[in-house]
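Take a look at the model below.

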Amino acid sequence: MGTIWVHAETQDGQVSSITLELLAKARELGDVVAVHAGNDAEAAAAELGAHGASRVLSAGDLDGGLVGPALASAMAGVVDSEAPSAILFGTTYGGRDVAGRLSVKLDAPVITNVVDLIDDGGLVGVEPVFGGTTNVRTRFTSDKPGIFLVRPKSFTAESIDGGPAEVSEIPIPDLGNSGAAKITSQFVEESDGPKLDEAAIVVSGGRGLGEAEKFHLVEDLAAKLGGAAGASRAIVDAGWVPYSYQVGQTGKVVKPDVYIAAGISGATQHMVGMKGSKTIIAINKDPEAPIFSIADLGIIGDVHKVLPALLEALEG
Amino acid sequence: MKVAVCVKQIPDPADPGELDIETKTLKRDVKLILDESDSYGVEMALQLVGEDGEVVLVSMVPNNERNGLNNALAMGADSAVLVSDDALAGTDALGTAKVLAAAIRRIEPDLVLAATESSDGYTGTVPEQIAELLELPSVTFAKEVSIADGSVSVKRQTEEGYDEVSCPLPALVSVTAGVVEPRYPSFKGIMAAKSKPVEELTISDLGIDSSQVGWSGGGQEIVSIEPAPEREAGEVIEDEGDGHERIIAFLEELKVI
Ligand SMILES: Cc1cc2nc3c(=O)[nH]c(=O)nc-3n(C[C@H](O)[C@H](O)[C@H](O)COP(=O)(O)OP(=O)(O)OC[C@H]3O[C@@H](n4cnc5c(N)ncnc54)[C@H](O)[C@@H]3O)c2cc1C
Ligand SMILES: Nc1ncnc2c1ncn2[C@@H]1O[C@H](COP(=O)(O)O)[C@@H](O)[C@H]1O
């Protein structure tokens with residue numbers, strides 16, 4: 001399929017998991033080139049190479065600017081000479097911005113919310129709609145590079161022990177007004193234990209917990225099982241827990257070995273973020289709760305009884 | 001200060017209509033409502049402009065629908081621009097951004113607000129595409145917004161936490177749910193909305209050719225629509241004081257404990 005560009009997101013030389021997932025798929029499809037912004041391209045080159053990228057095109061340090069306008073301009077500047085057939089972005093804060101800006105620069109559409117890519121002469125994107133009950137397949141009709149925004153956890157990351165990727169710089173053209181937004185400071189929300197979207201076990205709580213003070217039941221169980229705590233949007237919007245806990249269509253996609261939903265009804269927008277879990281356990285007092293339709297084990301019961309009993313039993 | 005707010009009118013998510021497999025179009029004869037995601041932008045705008053600013057809504061539909069706009073006007077927005085044209089049916093995100101950008105350009109706002117993603121399309125690319133078309137700086141995923149001295153300060157959601165971002169006006173900001181608590185329209189607001197100006201435009205009023213919008217303008221096409229493989233339900237049992245034991249047995253079987 002020719003050359004596939006993958007937007008490589010890194011943090012202090014460490015490549016993000018969504019990037020590694022995209023690399024795994026991209027190398028099935030063609031020659032892989034990572035496209036990157038930041039001052040850590042050299043540090044990331046070994047890992048990017050190990051996962052299948054032969055080259056890294058790096059726009060370099062952004063000097064406090066946001067990635068969207070800068071990397072989109074840099075990519076647009078070399079798209080003709082490099083001639084990628086497809087450009088893959090993860091559905092992340094940065095990935096969406098770059099894809100949006102680039103689509104205008106190339107006057108080319110973006111296929112979004114992709115969970116699979118199929119090589120069918122041209123590339124076809126598979127996107128779930130209606131809470132994942134229906135899949136739509138979409139392809140591009142023009143000969144411009146196809147821009148895809150891919151949801152996290154769509155592919156499995158795997159190293160193939162490739163040698164380090166060769167880094168070359170791509171210039172960022174003058175951004176004029178578009179590049180005027182500057183980051184003045186950065187805050188990291190500390191959390192113990194594994195990250196929500198990487199944990200093997202996720203315990204999520206919903207409005208059925210009744211009040212914010214009861215969320216500790218979910219956190220305690222997650223800690224006890226060595227997993228991460230998550231939440232439905234209802235309790236994120238209510239301010240019980242930060243947005244970073246949210247699982248679902250507008251939150252994180254998780255695919256743990258075990259997902260435990262406590263007091264969550266199972267709205268389609270929640271299920272779309274967790275129904276790829278290997279096994280699902282649900283606790284809900286309503287026998288009609290939709291979450292039971294996808295649970296491997298459903299307990300019709302009160303979270304205020306089941307969770308404390310579970311914690312106590314695990315203590316012993 | 002003048003703030004333009006993008007408001008999408010969508011089928012009620014509780015009753016989303018269905019995809020017509022034959023024509024590959026969304027069947028939606030239902031009445032459209034204000035996308036809840038955009039109620040945050042409207043509220044944010046009202047709070048930012050205060051007493052003497054102006055909030056102008058911008059919405060694009062293929063069918064004259066005003067119901068959702070009326071709701072946002074009833075919240076307190078001053079006026080609206082409605083781009084309505086039969087040719088707009090099936091328009092994708094980039095085409096939508098072109099139309100909205102053209103409408104916003106006429107308004108000459110200091111700030112453009114949108115939601116990070118719509119509830120029905122959720123491409124999440126329209127705001128950044130509008131910013132690029134208008135050559136504006138932008139800050140997406142705002143969870144807190146304030147304005148001082150001709151620039152906007154935003155707490156922007158990140159994977160690790162948040163960034164504080166400063167940006168000179170004019171600019172575009174996309175807001176997440178929870179940035180502010182949207183008000184419910186008052187009875188007075190609902191009555192007042194009826195006499196607020198709504199400028200209705202077609203795409204030719206905006207100088208946009210119909211080849212750039214609609215089903216054919218997008219440069220993409222649906223190949224197929226099919227049901228996704230379903231997940232089977234397992235065992236569902238009533239807790240009779242032993243629910244936790246069943247969970248433990250299950251976890252032991254999976255060898256996670
Ligand atoms: C555009 C859009 C995007 C969205 N994105 C997301 C998203 O990313 N993630 C998300 O989660 N939601 C999302 N939502 C919201 C979603 O539609 C639901 O509103 C939300 O998931 C409901 O959360 P909940 O299950 O905690 O609350 P509810 O639906 O109120 O359910 C609470 C459940 O708790 C049960 N319960 C009550 N008391 C007890 C008890 N004592 N013991 C046991 N069970 C009890 C009830 O039977 C009920 O089933 C989105 C909505 C829209 C429109
Ligand atoms: N037809 C429309 N009319 C007005 N605003 C829109 C329209 N489509 C998208 N938007 C704005 O762009 C945001 C993101 O939309 P989307 O990219 O479709 O997820 C929406 O929440 C709106 O603020």
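What follows is a short walk through chain B.

This is a predicted model, in which local features need pLDDT of at least 70, side-chain atom pairs count only at pLDDT 80 or more, and totals for chains, interfaces and linings use all residues. Residues are numbered from 1 along each chain as its sequence is written, chains are lettered from A and ligands numbered from 1 in the order written, and side-chain values use heavy atoms, with hydrogens and water left out.

Start with the whole chain. The C-alpha atoms of chain B fill a box of roughly 65 × 50 × 40 Å along the principal axes. Its secondary structure comes to seven helices and 15 strands; these are DSSP runs, H or I of at least four residues for helices and E of at least two for strands, numbered from the N terminus. Of the 257 residues, 52% are buried, meaning under 20% relative accessible area with a 1.4 Å probe, protein chains only.

Now take helix α1(B), residues 36–49. Its 14 residues should span 20 Å at 1.5 Å a residue, and the end C-alpha atoms are 21 Å apart, which agrees. That expected span is 1.5 Å times one less than the number of residues. 12 of the 14 residues are buried, so α1(B) is largely enclosed by the rest of the structure. Among them are Y40(B), M44(B) and L48(B). D35(B) caps the N-terminal end: a side-chain oxygen lies 2.9 Å from the backbone nitrogen of S37(B). Just after the helix, G50(B) takes a positive phi of about 65°.

Helix α2(B) covers residues 67–75. Its buried residues include L69(B), L73(B) and M75(B). G76(B) follows, with a positive phi near 135°.

Notes. Buried means under 20% relative accessible area, exposed over 50%, partly exposed in between (1.4 Å probe, protein chains only). A polar contact is a pair of N or O atoms within 3.5 Å; within protein, one must be able to donate a hydrogen and the other to accept it, and residues adjacent in sequence count only if both atoms are side-chain atoms.
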